[in-house]
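Me: I have just opened this one and would like to go through it slowly. Could you help me read it?

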Amino acid sequence: MASDVLSMPQTSALSSPQPLQSPSGGGLRLLKLSPIKTLPSIDTIKMLEPGRKKLTSIETQRVAAVLDETIRKLELVSLFQHAIENLDRYSVVFGSELTGALREHKRLQDNMQRRLQRGKSEEDESIVQWSKPNTADGADQHFGALHQGVQSSVRNTLRVFVTNPTACQALRCEGNVRDQASQTLIHFLSELRSFLFEKLLTSPLEQNERKLYLQEITLRNHKNRNIVTALEEELNAAILDRDTEISKKNEIIRQLKISLHQLEKFSENQVKRTMQEAEKQQKSDCRASEGKIAKLQQELQQLISQLHGAIAENREVELSLRKKKYKVETEIENWIQTYDGDMGEKQAELEEVEGMYEEEKAQLAELKEKLAVLEVEYVQIMEERQQAQLRKEEEERELANMNRAAVVIQAHWKGYQVRRSMKPKKKKKKKGKSTKGKAKKGKS
């Protein structure tokens with residue numbers, strides 16, 4: 001607010017128009033502008049600044065202390081989530097009591113988040129909510145209890161932080177991980193603190209003086225605006241003078257164009273006369289050039305004779321060079337023939353080696369085919385051996401089972417014979433029993 005008030009007189013001073021120059025009658029004249037009075041910036045700053053630097057009353061000190069304490073607690077609360085996510089790293093600095101309080105706060109916060117998500121899903125089912133109003137009231141009460149629990153947890157955690165300055169300092173050092181919303185809120189509270197501090201330092205008398213001073217500045221600004229309006233009128237008049245002067249200059253330019261057109265016509269006639277004189281001069285130059293051509297032709301005949309002599313000499317030199325060239329070509333042909341002979345022998349050797357390579361390649365292919373057949377036979381033989389081994393093992397198991405069964409049968413048979421042989425002896429012992437008992441035994 002103070003900066004806005006300060007900027008008004010300074011802007012009017014900076015934007016005041018300078019003396020204008022406008023052409024009139026071929027000369028220049030200066031527009032006389034009335035000066036604009038500006039307020040000194042130093043006095044303005046002193047007037048708008050508070051008269052005191054410190055809070056003197058206890059009430060104002062308490063208000064500032066409450067706001068400062070709120071900012072400090074908000075800085076800690078905005079870092080609770082970071083502390084909860086990194087409890088393992090801060091467990092030594094926080095201690096057991098603070099760590100337990102943070103864990104309890106995390107538990108209540110998670111319960112509240114789950115309740116909020118459940119409430120969103122229940123909002124979609126509007127028909128069920130209208131049919132069950134008692135359930136909705138119970139859910140609201142439960143949510144209110146969770147909200148109060150989270151608030152109490154925040155207060156308790158802040159109390160534990162106050163008793164542990166080391167933990168507070170360690171957590172405040174991690175201010176760069178704070179989310180953008182919390183950072184913005186802290187910034188706004190800091191600005192509010194500076195604004196409130198300035199208000200608390202200003203007394204009612206100083207406030208009235210500042211109000212009167214701002215009114216005075218407003219009146220001066222109004223006067224400056226009136227002066228600017230007058231200057232704008234003078235400027236419009238100067239612009240009108242300039243436009244009239246420009247119209248005069250345009251008329252002068254039109255007349256100059258007419259005179260330029262006349263000058264062009266005069267120059268065309270002058271060019272025609274110059275062309276006629278040039279043609280006369282050309283004819284005289286042609287006559288002089290014909291004599292020079294005759295002299296040059298004589299010199300040309302002499303140069304042609306010299307050329308023929310030089311051609312004869314060059315032909316002799318060319319003949320000797322052709323002989324040398326023939327010798328070199330014959331030597332080259334001999335070298336080429338020797339090269340062709342050597343290359344033919346190498347080619348024959350190469351073809352012989354390639355024939356041997358093809359034969360060995362064919363033999364290798366035959367061996368691979370035979371090996372493939374042998375591998376198939378080997379696989380069949382191994383499978384037959386494996387099946388024979390399996391049959392043999394199966395037969396051995398069946399033979400062992402039969403032997404065990406025979407032993408069991410023999411044992412039962414021997415036991416049966418022993419029991420059968422023992423029956424006559426038992427009958428002799430039971431002869432003294434009654435006939436009634438024998439009849440029952442016979443029926444049985």
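Me: Where does Glu345 lie?
Reply: Glu345 lies in helix H10, which covers residues 204–429, where helices are DSSP runs (H or I) of at least four residues and strands are DSSP runs (E) of at least two, numbered from the N terminus. Please keep in mind that this is a predicted model, in which local features need pLDDT of at least 70 and side-chain atom pairs count only at pLDDT 80 or more, while totals for chains, interfaces and linings use all residues. Residues are numbered from 1 along each chain as its sequence is written, and side-chain values use heavy atoms, with hydrogens and water left out.

Me: Is Glu345 buried or exposed?
Reply: Glu345 counts as exposed because its relative accessibility is 53%; buried means under 20% relative accessible area, exposed means over 50%, and partly exposed is in between, with a 1.4 Å probe and protein chains only.

Me: And which residues gather with Glu345 in a patch of negative charge?
Reply: Asp342, Glu349 and Glu352 gather with Glu345 in that patch on the surface. Patches are made of residues with over 30% relative accessible area and no salt bridge, with like charges joined within 9 Å and nonpolar side chains (Val, Leu, Ile, Met, Phe, Trp, Tyr) joined within 5 Å. Asp and Glu count as negative and Lys and Arg as positive, while His and the chain ends are not counted, and the place of a charge is taken as NZ of Lys, CZ of Arg, CG of Asp or CD of Glu.

Me: Okay, what about a nonpolar patch, which residues make that?
Reply: Leu260, Leu263 and Phe266 make a nonpolar surface patch of about 320 Å², an area that comes from the Shrake-Rupley method with a 1.4 Å probe; for residues, only the protein chains shown count as cover. Phe266 is found in helix H10, and Phe266 counts as exposed at 51% relative accessibility.

Me: Changing topic, how many salt bridges does the structure hold?
Reply: The structure holds seven salt bridges, each being a side-chain nitrogen of Lys or Arg within 4 Å of a carboxyl oxygen of Asp or Glu. One of them joins the side chains of Glu318 and Arg322 at 2.8 Å, N to O, and these two residues both lie in helix H10, four residues apart, about one turn of the helix. Glu318 is partly exposed, with a relative accessible area of 37%, whereas Arg322 counts as exposed at 52%.

Me: What does the side chain of Glu104 meet?
Reply: The side chain of Glu104 meets that of Arg107 in a salt bridge, at 2.4 Å from N to O. Because they are three residues apart in helix H5 (residues 87–124), Glu104 and Arg107 are separated by about one helical turn. Glu104 is partly exposed with a relative accessible area of 35%, and Arg107 is partly exposed too, at 41%.

Me: And how far is Arg107 from Val150?
Reply: Their C-alpha atoms are separated by 9.3 Å, although Arg107 and Val150 are 43 residues apart along the chain. Asp110, which is found in helix H5, can be set against Val150 as well: Asp110 and Val150 are 40 residues apart in sequence and 10.0 Å apart in space, C-alpha to C-alpha. Asp110 is partly exposed, with a relative accessible area of 30%.

Me: Let's zoom out, how many helices and strands are there in the protein chain?
Reply: There are eleven helices and two strands in the protein chain, and from the N terminus on the elements run α-β-β-α-α-α-α-α-α-α-α-α-α.

Me: How much of the chain do buried residues make up?
Reply: Buried residues make up 15% of the 444 residues in the protein chain, and the chain exposes about 36500 Å², of which carbon and sulfur atoms supply 57%.

Me: Last one, what share of the contacts do residues 24 or more positions apart account for?
Reply: Among contacts with a separation of 6 or more, where contact means heavy atoms within 4.5 Å, residues 24 or more positions apart account for 76% in the protein chain.
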